[in-house]
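Me: I'm new to this structure and would like to learn how to read it. Could you walk me through it one feature at a time?

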Amino acid sequence: MKRRDFITLLGGAAGWPLAARAQQSAIPVIGYLNLGSPESDTPRLTGLRRGLNEIGYDEGRNFVIEYRWAGTQADRLPALVVDLVQRRVTLIVAVGLVPTLAAKAATTSIPIVFSIAADPVQFGLVASLNRPGGNLTGFNGFGGELGSKALALLHELVPGSAVIGLLINPANPLSEPATRDVLAAAAVIGLKVQILKASTDREIDAAFVSLVQARTEALLVGNDPFFNSRIEQLVALAARHAIPAMYLYPEFVMAGGLIGYGTSLIENYRQVGLYSGRILKGEKPADLPVQQITKIALVINLKTAKMLSLDVPPTLLASADEVIE
């Protein structure tokens, strides 16, 4: 072998790892920021990956995700998102209002796609819904009006109830206005509301003990990212204590819950995945309008109703989008 050929061969061999590393570093990195924990986050991640897949992105092949969970400790969010920024992620997916606010405070350049149950203009996340104008865009769902309707549906299912529990997360800034709306709706119906607060697993357990001690007839679980990451725990506690419970996401009912009224976590985050994919392909958040999540489903689990000795009114069954038997 000639010396020139030998040197060329060495240079090519040395270049292979460098080329591979360069190609790997070019793969987009999505930062995933959530106030909760990895447990029971499957619906969101299923939807996110599904949306990204539909637009041509497969995790591990042409994008990767850096996961950051705060473990219900909101004070950890700023450090977590700063870490993502320092790692120069391509995009940040923020789950809920509090993580979105933390992400916005940490960067004005990295695109952020959010899903919140609030008005993003009111909280200063975007300039307007049609023209966000900065590095944030995403999806906003229904807030208090969803809880008010859910309360009426729960009362229709358990018409003899005089007192209904409302489980809220005091760490969520949306809890206060949502509670006001539910209390106003309860006053119209003539119901009393027992407000229960929980922002940890232990406090959720304690809330159910309080329900039993007060002999509260039913429970409405508030719309909160932490609660949505505790589907199995909440459904199991409701079954153990024989409490008819209404949830604001169908995934609770799929897991054995009694009744759910709201949008699907999987569908919500499929939309987030689609927007994320469009940004990875070169579109700007400022040019992608914030979209209102409008598809709402009423799902009833007849098997759970039977376990609770509840007769579901025919009118409620007729209005259900899905009935699990």
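Me: Let's start with strands. In β7, which residue is the bridge partner of Leu 167?

Reply: Some ground rules to begin with. This is a predicted model, where local features need pLDDT of at least 70 and side-chain atom pairs count only at pLDDT 80 or more, while totals for chains, interfaces and linings use all residues. Residues are numbered from 1 along each chain as its sequence is written, and side-chain values use heavy atoms, with hydrogens and water left out. Helices (H or I, at least four residues) and strands (E, at least two) are DSSP runs, numbered from the N terminus, and two strands pair if DSSP finds at least two bridges between them. Now your case: Leu 167 has Leu 196 as its bridge partner in β7. Strands β6 (residues 163-168) and β7 (residues 192-197) run parallel, joined by 6 bridges.

Me: Are the residues of β8 buried or exposed?

Reply: Buried means under 20% relative accessible area, exposed over 50%, and partly exposed in between (1.4 Å probe, protein chains only). In β8 (residues 218-221), Ala 218 and Leu 220 point one way, Leu 219 and Val 221 point the other way, and all are buried. Strand β6 is mostly covered too, with 5 of its 6 residues buried.

Me: What does the side chain of Thr 216 make a polar contact with?

Reply: A polar contact is a pair of N or O atoms within 3.5 Å; within protein, one must be able to donate a hydrogen and the other to accept it, and residues adjacent in sequence count only if both atoms are side-chain atoms. Here the partner is the side chain of Gln 194, at 2.3 Å. Thr 216 sits in the loop between α7 (201-214) and β8, and is buried at a relative accessible area of 8%. Setting aside neighbours within four places in sequence, Thr 216 is in contact (heavy atoms within 4.5 Å) with Val 163, Ile 164, Gly 165, Gln 194 and Leu 211.

Me: On to helices. How many residues of α11 are buried?

Reply: For length, the expected span of a helix is 1.5 Å times one less than its number of residues. Helix α11 (residues 265-280) reaches 22 Å from its first C-alpha to its last, close to the 22 Å expected for its 16 residues. As for burial, 12 of the 16 are buried, so α11 is largely enclosed by the rest of the structure. At its start, a side-chain oxygen of Ser 264 comes within 3.2 Å of the backbone nitrogen of Ile 266. After α11 comes Gly 282, with a positive phi near 120°.

Me: Which residues touch the most other members of the largest nonpolar core?

Reply: A nonpolar core is a set of buried Ala, Val, Leu, Ile, Met, Phe, Trp, Tyr and Cys residues joined through side-chain atoms within 4.5 Å. The largest one has 45 residues, and Leu 48, Leu 167, Phe 208, Leu 219 and Leu 234 touch the most other members. Its largest share, 7 residues, comes from α11. Apart from this core lies another, of 29 residues, including Leu 146 and Met 246.

Me: And what is Leu 48 in contact with, leaving aside its neighbours within four places in sequence?

Reply: Among its contacts are Tyr 32, Ile 65, Tyr 269 and Gly 273. Leu 48 is one of the buried residues of α2, a helix of 13 residues (42-54) reaching 18 Å. Just after α2, Gly 56 takes a positive phi of about 105°.

Me: How many aromatic pairs does a search of the whole structure find?

Reply: Rings of Phe, Tyr and Trp (its six-membered ring) pair if their centres lie within 6.5 Å; planes under 30 degrees apart count as stacked, over 60 as edge-to-face and the rest as tilted. The search finds 7 pairs. One is Tyr 32 with Tyr 67, edge-to-face at 5.9 Å centre to centre and 65° between the planes. Tyr 32 is in β1 and Tyr 67 in β2, 35 residues apart. Ring pairs also bring Trp 69 into a cluster with these two.
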